[in-house]
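Here are my notes on the model, point by point. Please read them with the structure open.

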Amino acid sequence: MTGTSEPTPRLETAHYVLRPLTLQDATPRYLGWLHDAEITRTLEVDGPNQTLQTIRDYIASHDGTQKFLFGIFTKDGLHIGTHSFRWHPEERYATVGVMIGDRDHWGRAVPLETRARILEWAFGELGCDRVQAGCFSVNTPAIYNFRKQKWRLTGITKGFAVIDGRNADMLHFAINRNDWHA
Ligand SMILES: CC(C)(COP(=O)(O)OP(=O)(O)OC[C@H]1O[C@@H](n2cnc3c(N)ncnc32)[C@H](O)[C@@H]1OP(=O)(O)O)[C@@H](O)C(=O)NCCC(=O)NCCS
């Protein structure tokens with residue numbers, strides 16, 4: 001995604017703005033998040049091997065029609081994280097993933113507020129029926145967030161990865177349109 005006009009969709013919440021990332025958003029600050037072992041510990045990303053170019057490639061791999069990479073920005077324009085969103089129109093479901101890279105913004109319910117807006121968009125505008133996500137069994141904050149947002153645990157893949165030298169399961173969560181509107 002290049003060009004000068006702001007990419008769409010632009011989704012706003014009370015405290016944040018979400019919009020697809022552009023190549024200009026591949027900054028040393030963003031790279032620093034991927035080089036932070038505490039952040040990548042619970043992500044499926046090869047953190048140490050990331051460079052500004054791999055970030056650009058990753059951004060460019062999102063076509064803005066079925067694969068979206070939203071940046072999470074504060075209202076004064078500070079980039080603090082990302083939501084990935086993959087839309088499967090034929091099956092009418094999507095998958096999402098979140099990273100709050102700016103650790104000063106942990107503990108402020110950023111994932112809940114911003115993911116709620118993405119769910120509104122997915123269920124309300126895209127015609128999505130179900131949104132899915134996964135997190136490692138060691139990721140207590142992520143599990144709390146899914147529970148708080150009424151996601152359902154739909155499955156567990158045992159021994160999906162080794163984290164801190166121990167087997168970690170992958171927990172699969174989903175929320176459907178009716179759950180969300182209930
Ligand atoms: C996972 C992540 C998005 C969570 O960010 P966050 O929502 O700001 O995290 P918080 O610290 O507010 O924790 C979320 C909730 O879990 C609770 N929690 C966290 N650790 C806990 C623990 N050990 N025991 C009990 N509760 C805990 C928090 O209290 C909070 O609940 P509250 O709002 O009721 O206080 C963020 O840590 C991150 O981006 N991590 C790296 C990437 C990642 O793991 N992404 C998710 C992949 S699925």
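Is G124 buried or exposed, and why?

1. Start with that glycine. This is a predicted model. G124 is found in helix 4. G124 counts as exposed because its relative accessible area is 57%, and the cut-off for exposed is over 50%.

2. Next, a distance to check on screen. G124 and S137 are separated by 13 residues in sequence. Their C-alpha atoms are 30 Å apart in space.

3. T42 places a polar side-chain atom 2.6 Å from an oxygen atom of the ligand. I100 uses its backbone: a polar atom there is 2.7 Å from a ligand oxygen. For N145, a side-chain N or O atom is 2.9 Å from an oxygen atom of the ligand.

4. How much of the ligand does the protein cover? On its own, the ligand has 940 Å² of accessible area, and the protein covers 69% of that.

5. Which elements build the shell?

6. The largest nonpolar core has 31 residues. Within this core, F70, F85, I118, V131 and W151 have the most contacts. At least two core residues come from each of strand 2 (16-20), strand 3 (67-74), strand 4 (79-88), strand 5, helix 4 (110-126), strand 6, helix 5 and strand 8 (166-176). Helix 4 gives the most, seven residues. In soluble globular proteins, nonpolar side chains tend to be buried together.

7. Leaving aside residues up to four places away in sequence, V131 touches A94, V96, L119, A122, F123, W151, F173, A174 and I175. One of these, W151, is also listed with V131 for the most contacts inside the largest core.

Terms used
Residues numbered from 1 in each chain as written. Predicted model: local features only at pLDDT ≥ 70, side-chain atom pairs only at ≥ 80, totals over all residues. Heavy atoms only, no water. Polar contact = N/O pair within 3.5 Å; in protein donor to acceptor, adjacent residues only side chain to side chain. Areas by Shrake-Rupley, 256 points an atom, 1.4 Å probe, with all protein chains shown as cover. Core = buried A, V, L, I, M, F, W, Y, C linked by side-chain atoms within 4.5 Å. Buried < 20%, exposed > 50% of the residue type's maximum accessible area, 1.4 Å probe, protein only. Helix = DSSP H or I, 4+ residues; strand = E, 2+ residues; numbered from the N terminus. Contact = heavy atoms within 4.5 Å.
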